[in-house]
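Please have the sequence and the model open side by side.

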Amino acid sequence: NVVVGTVTNIQNHPNADKIRIVDVDIGKNNLQIICGAWNFNTNDKVAVAVPGASISKDFKIETRDIRGVTSNGMICSPNELDLWSESEGILILDESFINGTPLESTYNSKDTIYEISITPNRGDSMSHMGLAREISTKHNKKLNGLPIFRSTNKLPLIKVNNGKNSGCTSYFGLEIENITIEDSPLEIRFMLSNVGVRPINNFVDFTNYILFDIGQPLHAFDRDKLNGSISVRKAKNAETLVTLDGEKRNLTINDIVIVDNDIPIALAGVMGGLDTQITKNTANVLIESAHFDNVSILKTSRKLNLISEASIRFERGVDPLLQEKSLVLFKKYLSSTNDTFKFNNISGSRDKQKSLKNLTFDPIFYLSTIGVEISPKDTIHILKKLGFDCIKHTNNTFIVSVPPWRYDIEREIDLVEELVRHKDYEELPSTVKYGINHSIGQEWHYIDKISNDLVNMGYFECYNLSFSSLHDSKIFTPDRNPVTVSNPLDESQKYLRTSSIPNLIKNIITND
């Protein structure tokens, strides 16, 4: 009982200053509703919960008297509809929606969501395209390709390049003119909210959508706030930049910055600058797509405690050849929502690419490691579906070229892992027939027996990480100075633990 409606009239409430009387057309009839939100105007499309509806957490909507005026329903915010956690204003819908249409039919409200844990070495799988590549290989399905770049006659106004020895191997920009900053389509906002991203506006939302879609972070600059050529360089010691969160950041030579006429405007791969951010008044934008050194981004984000979806992907490795393709995809998605935007040609530069890493794969090594054989046909099929070039060589061995997005593939054993992952585990014997047999030491048997005996007596065995926060360390061991971890995952794991008590208490809290 939540439907699309159009606001036809708004008037002040005679007995209250902070609420208004709103007339809404929901197709079959008009409703008078009292509303406390002020972020909408006449003719806006809104989501209306009619009397009898049940919204967030079984809140029942009924006809009510509010300060002497009857309210026949409720105009809803995204938070009240369990869409995303924005409660400051009501949900504005697409103008194309028909009044009276059930809200859930205006977007794909029913979906299957998988929560997948990605190991730190598999940055290529932190996107829907990366996972689709794995699934298409496993199930022998065709993987959809990305759109092809087609040039236009519109030349860019701003030159962009990746600089020299900057820690940036490629930097490309897409200029878009005569834009309107507005809400993204409801479908896009809903999908972003389902992966934990709060919708903001069409340009920010589509940069986030591309990030989750194919794994390439993008950033939007207000082009009218740029003064010259855009490039990339290492920061200078004592140089400063005010980032989007309003914080003044002190930079060092280990940081990478985007510069406009050599003045820093963004912290590469981590956060944009406040002075060039887009606003509701922005008319022209420059969309950045780049590839940065993963170690530099990791050090900067950890030093400043600015860990974002973009920085995590740069840290784990972004495809160095994906930058132009991501801008073409951004153009495709954005232009489908508004055909008045004007797109200039993509411009930029890239360092000369290193030759692909070649490894030798021997099926005999696979047999000695896994215990079963793998056919040449399966070897070629699996590796090529995953993006590897695989050529049969002499003596039944293969020369395998590693795709640029697979930073984790270093040795022949890594190829074995790729192949066995995409074979059915049911095919593997329960006992390994080949390979080295490692005997289990007597000490392990003693420890295992003690552990089992204690568990049988009612004790609980706990395995906890060796890291803790400074706060936890000081509670039980205030006299000790904990050892700092050089590359902590976050503030809660910044020190080596000085006591097992804090973790044990957390175990009790979690399992109580």
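A residue is called buried when its relative accessible area is under 20%, exposed when over 50%, and partly exposed in between, using a 1.4 Å probe and protein chains only. This is a predicted model, in which local features need pLDDT of at least 70 and side-chain atom pairs count only at pLDDT 80 or more, while totals for chains, interfaces and linings use all residues. Residues are numbered from 1 along each chain as its sequence is written, and side-chain values use heavy atoms, with hydrogens and water left out.

The predictor's confidence in each residue, pLDDT, runs from 0 to 100. The protein averages 90, and 97% of the residues score at least 70. Helices (H or I, at least four residues) and strands (E, at least two) are DSSP runs, numbered from the N terminus. Confidence is highest in strand β19, at 96, and lowest in strand β5 (residues 54-55), at a mean of 86.

Rings of Phe, Tyr and Trp (its six-membered ring) pair if their centres lie within 6.5 Å; planes under 30 degrees apart are stacked, over 60 edge-to-face, and the rest tilted. The structure holds nine aromatic pairs. In one of them, F206 and Y209, the centres are 6.4 Å apart and the planes at 65 degrees, so the pair is edge-to-face. These two residues are three apart in helix α3, about one helical turn. F206 is buried at 2% relative accessibility, and Y209 is buried at 18%. The rings of F292 and F314 are also edge-to-face, because their planes stand at 65 degrees, with centres 5.2 Å apart. F292 lies in strand β19 and F314 in helix α5 (residues 309-316), so this pair ties together parts 22 residues apart in sequence. F292 is buried, at 3% relative accessibility, as is F314, at 4%. Ring pairs also link F203, F330 and F341 into a cluster.

F330 is among the buried residues of helix α6, which also include Q323, S326 and L327. Elements covering the buried residues of α6 include α3 (202-214) and β19 (285-292).

T152 is found in the loop between α1 (128-138) and β11. With 29% relative accessibility, T152 is partly exposed. Leaving aside residues up to four places away in sequence, T152 touches K331, F343, N344 and N345, where contact means heavy atoms within 4.5 Å.

A disulfide is a pair of cysteine sulfur atoms within 2.5 Å. By this rule there are zero disulfides. For C76, the nearest cysteine sulfur is that of C35, 9.1 Å away. C76 is buried at 0% relative accessibility.
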